[in-house]
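Me: I would like to learn how to read a structure such as this one, step by step. Could you show it to me, and then take my questions in turn?

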Amino acid sequence: MTEIIYGVRRTDGKIISIKEVPDHMSGLLCNCVCSNCKKELQACSLHGKVRPYFRHNNDSKTGESIQCNPNIANETALHQLAKQIIKE
């Protein structure tokens with residue numbers, strides 16, 4: 001399974017890589033959403049033995065897991081990042 005490696009930081013709307021999330025900002029503390037579905041993301045395994053990644057947080061109302069294609073989420077994020085770079 002492909003992991004989500006880019007998220008949108010809520011504070012400023014910038015696209016960030018999971019590698020840019022500080023170790024102390026794991027889980028929901030990363031304050032990021034999915035670039036595709038705009039649902040809350042968790043930063044996972046920031047200091048673990050596996051490669052870090054984002055995952056969707058379960059729906060707070062129903063408790064159900066959110067199904068979003070990670071390939072589409074990453075592609076959308078990269079597209080938005082390219083626009084960000086051109087704008088800057």
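Reply: What follows goes from the whole chain to two single residues.

Reply: This is a predicted model, in which local features need pLDDT of at least 70 and side-chain atom pairs count only at pLDDT 80 or more, while totals for chains, interfaces and linings use all residues. Residues are numbered from 1 along each chain as its sequence is written, and side-chain values use heavy atoms, with hydrogens and water left out.

Me: Which elements does the protein run through from the N terminus on?

Reply: Helices (H or I, at least four residues) and strands (E, at least two) are DSSP runs, numbered from the N terminus. Here there are 1 helix and 5 strands, and their order is β-β-β-β-β-α.

Me: How does the radius of gyration of the protein agree with that of a compact globule?

Reply: The radius is taken over C-alpha atoms, and the globule rule is 2.2 Å times the number of residues to the power 0.38. For 88 residues the rule gives a value near 12 Å, and the protein has 12 Å, so the two agree. Along the principal axes, the C-alpha trace spans about 40 × 25 × 25 Å.

Me: Is N57 buried or exposed?

Reply: A residue is called buried under 20% relative accessible area, exposed over 50%, and partly exposed in between (1.4 Å probe, protein chains only). N57 has 15% relative accessibility and therefore counts as buried, and of the 88 residues of the protein, 33% count as buried. In the chain, N57 is found in the loop between β5 (53–56) and α1 (70–87).

Me: Which side chains does a polar contact join to that of N57?

Reply: A polar contact is a pair of N or O atoms within 3.5 Å; within protein, one must be able to donate a hydrogen and the other to accept it, and residues adjacent in sequence count only if both atoms are side-chain atoms. The side chain of N57 has such a contact of 2.9 Å with that of E40, and another of 2.6 Å with that of Q42. If contact is read as heavy atoms within 4.5 Å, N57 touches L28, E40, L41, Q42 and I66, not counting residues up to four places away in sequence.

Me: Where is the place of I5, and what does I5 contact?

Reply: I5 sits in the segment before β1 (6–9), and at 31% relative accessibility it counts as partly exposed. Leaving aside neighbours within four places in sequence, the contacts of I5 are I16, S17, I18, F54 and N74. The C-alpha atoms of I5 and I16 are separated by 8.4 Å, with the two residues 11 apart along the chain.
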